[in-house]
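We will go from stop to stop, with something to select at each one.

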Amino acid sequence: MLTLHHLEYSQSFRILWLLEALDAPYELKSYNRDPDSNLAPDDYKALSPLGTAPVITDGDVVLAESNAIIDYILDSHPESPLNPKPNNPDRARHLFWYHASPGSLMSIQSVAMVLGLLETRSPWPISALLKAVFGQVRKLFVNPRTDALYALMEKDLGEKPFFGGDTLTTADITLVYAMMAARTKGVFDGHPNILAWFDRIEAIPSFKAAQAKDDRPHIDFRF
């Protein structure tokens with residue numbers, strides 16, 4: 001049976017939601033982060049040398065990376081509406097947002113997170129020159145790309161209720177973690193269509209079931 005190795009406060013929430021949405025059989029094995037380093041514990045890293053989440057095991061298969069895991073699981077559910085078929089009019093929209101999560105949104109968030117860590121947790125003083133460089137990176141790269149992406153989200157969610165179109169798809173599932181991380185920072189204030197999307201997904205029974213099994217009061221954006 002497939003086992004989801006679930007690291008607390010991690011991206012593996014997406015796979016937990018997917019499995020609940022598919023009503024698929026699975027085992028859930030939860031791991032706590034090391035209290036000092038905030039990293040995955042040794043027994044988790046024995047499965048995933050990078051110590052990143054999520055990870056699944058299925059017989060002899062050990063697989064990491066969220067979208068790879070999603071594709072692998074959907075291979076066993078070929079008729080699932082979570083993956084629109086080539087003749088579906090929402091197919092291209094679904095594919096765009098499915099790949100925009102790791103390709104655009106999380107990449108930009110990662111750059112912003114690294115800049116913030118360098119500024120707030122560096123063991124060395126940050127010079128005025130470095131601060132100016134960080135500011136330019138935000139001004140020329142992070143902020144314009146983030147603003148453009150959020151504007152496109154707002155537009156698309158004003159046309160259809162989900163990122164994948166008229167119904168929930170894995171585009172919504174793979175975006176949820178990064179979207180919730182962004183919401184905690186208040187960046188979606190003034191984006192009513194995005195906020196309405198949160199209301200819709202949080203009312204879905206499979207999302208509620210995943211949250212209950214995750215047993216965490218909130219999603220905290222961590223690597």
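## Starting at the hairpin

Select Asp58 and look across to Val61, its bridge partner in strand 4. Before going further, note that this is a predicted model, in which local features need pLDDT of at least 70 and side-chain atom pairs count only at pLDDT 80 or more, while totals for chains, interfaces and linings use all residues. Residues are numbered from 1 along each chain as its sequence is written, and side-chain values use heavy atoms, with hydrogens and water left out. Helices (H or I, at least four residues) and strands (E, at least two) are DSSP runs, numbered from the N terminus.

Strand 3 and strand 4 (residues 61-64) run antiparallel, joined by four bridges. Together the two strands make a hairpin with two residues between them, and Gly59 in the turn has a positive phi of about 65°.

Next, select strand 1 (residues 3-7) along with strand 3 (residues 55-58): they are antiparallel and share three bridges. Pick Leu4 here and you will find its bridge partner, Ile56, in strand 3.

Strands count as paired if DSSP finds at least two bridges between them.

## Backbone stops

Most residues other than glycine have a negative phi, and most peptide bonds are trans.

- Ala53 and Pro54: a cis peptide bond joins them, with omega about 10°. Pro54 is in the loop between helix 2 (42-45) and strand 3.
- Asp23: phi is near 55°, a positive value in a non-glycine residue. Asp23 sits in the loop between helix 1 and strand 2, and it counts as exposed at 69% relative accessibility.
- Glu65: phi is positive here too, near 75°. Glu65 belongs to the loop between strand 4 and helix 3 (66-74) and is exposed, with a relative accessible area of 54%.

For these labels, buried means under 20% relative accessible area, exposed over 50%, and partly exposed in between (1.4 Å probe, protein chains only).

## Where two helices cross

Select helix 5 (residues 128-159) and helix 7 (residues 192-202), which pack at an angle of about 65° with their axes 8 Å apart. Show side chains for Tyr150, Met153, Glu154, Leu157 and Gly158 in helix 5; they meet Pro192, Asn193, Ile194, Trp197 and Arg200 in helix 7, where contact means heavy atoms within 4.5 Å.

## Salt bridges

How many salt bridges does the structure hold? There are eight, each with a side-chain nitrogen of Lys or Arg within 4 Å of a carboxyl oxygen of Asp or Glu.

Start with Lys213 and Glu20, whose side chains meet at 2.8 Å, N to O. This pair links distant parts of the chain, with Lys213 in helix 8 (residues 205-214) and Glu20 in helix 1 (residues 13-22), 193 residues apart. Lys213 is partly exposed at 41% relative accessible area, whereas Glu20 is buried at 18%.

Then select Arg138 and Glu119, a salt bridge of 2.9 Å, N to O. Arg138 belongs to helix 5 and Glu119 to helix 4 (residues 91-121), 19 residues apart.

Lys155 and Asp156 form another salt bridge, at 3.7 Å, N to O. Lys155 is partly exposed, at 45% relative accessible area, while Asp156 is buried, at 10%.

For the last stop, select Asp90, Lys160 and Asp166, which are linked in a network of salt bridges.

How values were computed
Axes are lines fitted to C-alpha atoms, for helices over the stretch in contact, and angles run from 0 to 180 degrees between N-to-C directions.
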